[in-house]
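Subject: Structure handover

Hello,

Here is the structure we talked about handing over. Please open it alongside this email.

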Amino acid sequence: MKYQERKLEHELNVSSSNLLHDFMLYMVGGIAVLAIVFYLATSSVNFVIDHLSPELESKLYGIVASTTPTIKADPHPRQKEIEDIFRQLLEQVDIRGQQFKLKIIDASEENAFAFPDGTILLHSAIVDAMESEQEITMILAHELGHYYHKDHLRGMGAGLTLLAFSAAIGVGDSSLKSIVTSILQQIKKKFGREQELAADLYALRILKKKYGSTQGALSLFKRLNSNTTGMARATFYLSTHPHPNDRIKALIQRIEQ
Amino acid sequence: MEELIQLGFFAGLLMLGYFWGSVNERRHYHSIRRREKKYQSVPAVSFKSVPANIEVKTSKLVIGSTVISIDYFKRFMAVLYNLVGGRLKPYESLLDRARREAILRMKQSSPKAQLIINVRVETASISKSSRKGTVGSIEVLAYGTAINYK
């Protein structure tokens, strides 16, 4: 028996295909599939919310409302003035099944919140920034717009979809999971910003109905905008609210119509 | 903002893994091919016993082992292949390199041997992470009996 040397050129045990090519294919394909499924899931949630019966809706609101933290209001000199305007405003709007409460707390960011249990929370900074009755109405009507559009229920729907997605992807590697979750978070935030713009437009309608003009809408956002000019636009892109400039643009567009 | 930073880090690690992983692999294959040619005259076979016509002068146990890790990019790719199934291409070259390197080291440990019989190759996964299903690096051990005949 004689030993014969073998030629060593063949690499049978390793696939010759390019991994980078596969990477691109899988990433693009994966993101596309993810986006389509996410879109279908959220739009079906929205469809269901639009067609809820009033009883089911109030039941669902009860579930979401239980997540509201207890807030202790701080005394504010303009509390009564704002409450009077709020009461007048409530006569103008058609929002069922909510008991509204108005609370003001000491806080330095100009912000306002609508909680699912009907609590509208104003930071003292935004109260101090409001100069006219129209501006106060604009902010309050914006928060009422969130109830009008059932944004809390939609938020819950989006949250559930997100949860389902993270659970489904949880079977894979955790780095993949975190990347997909952060992409989905971005999409969710984009929906959130759309909700804010929709609430702005709702407030604009109310303002027009109540006063016949829409002056107060722009003046407040313009003032808020002058406080934020130093901040980068990218920060706003990632935050939950639209950039004041974008809000003003959308409002001007609607006013012209 | 936080998500962007996270994404940036991830992309950076992927690129780093791809770049250094490819460079390392190419270098390693280059060295493997060179040494395989050099040690081609020492046959390593899987016979359990010495062929009848050979009279053994000396025999000894020879061992070669190697530990190789996969890079970040390939590990991520493996996750993607895991989702859709098919050949787990990123690990193929890892195992191939490790096997060939282990056999080469075994041969190198006894360069004057005329024949290595009863060669066995064993693989073990080394994973320091407690996460389920992760294969970070592997050890391949090759051993056999080196023989010189009269």
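This is a predicted model: local features need pLDDT of at least 70, side-chain atom pairs count only at pLDDT 80 or more; totals for chains, interfaces and linings use all residues.

Chain A overall

Chain A holds ten helices and three strands. Read from the N terminus, the order is α-α-α-β-β-β-α-α-α-α-α-α-α. The chain has 257 residues, and 19% of them are buried. Contacts in chain A also reach along the sequence. Take those between residues at least 6 apart: 67% of them join residues at least 24 apart.

Helix H2 of chain A

This helix covers residues 54–65. Does its length fit what a helix should give, or depart from it? Its twelve residues, at 1.5 Å a residue, should span 16 Å. The end C-alpha atoms are 16 Å apart, so the two agree.

H3 against H5 in chain A

Helix H3 of chain A is residues 79–92, and helix H5 of chain A is residues 133–148. They pack at an angle of about 60°, and their axes are 10 Å apart. The crossing of H3(A) with H5(A) is right-handed.

Which residues meet there? From H3(A) come Ile82(A), Ile85(A), Phe86(A) and Leu89(A). From H5(A) come Glu133(A), Ile136(A), Thr137(A), Leu140(A) and Ala141(A). By type, the residues of this contact are seven nonpolar, one polar and one charged.

H2 against H3 in chain B

In chain B, helix H2 is residues 72–84 and helix H3 is residues 89–108. Their axes come within 8 Å and cross at roughly 130°.

H2(B) brings Lys74(B), Met77(B), Ala78(B) and Tyr81(B) to the contact. H3(B) brings Lys89(B), Pro90(B) and Tyr91(B). These residues divide into five nonpolar, no polar and two charged.

A closer look at Tyr81(B)

Tyr81(B) sits in helix H2 of chain B. How many other C-beta atoms lie within 10 Å of Tyr81(B)? There are 18. Burial takes 20 or more, and 12 or fewer means exposed, so Tyr81(B) is partly exposed. Setting aside neighbours within four places in sequence, Tyr81(B) is in contact with Gly86(B), Leu88(B) and Lys89(B). Of these, Lys89(B) is also one of the H3(B) residues that meet H2(B).

Best wishes

Methods
Residues are numbered from 1 along each chain as its sequence is written. Chains are lettered from A and ligands numbered from 1 in the order in which they are written. Axes are lines fitted to C-alpha atoms, for helices over the stretch in contact, and angles run from 0 to 180 degrees between N-to-C directions. Helices (H or I, at least four residues) and strands (E, at least two) are DSSP runs, numbered from the N terminus. A crossing is left-handed if the near helix is turned anticlockwise from the far one by less than a right angle, and right-handed if clockwise. Two residues are in contact if their C-beta atoms, placed from the backbone, lie within 7 Å. Ala, Val, Leu, Ile, Met, Phe, Trp, Tyr, Cys and Pro count as nonpolar, Asp, Glu, Lys and Arg as charged, and the others, Gly among them, as polar. The expected span of a helix is 1.5 Å times one less than its number of residues.
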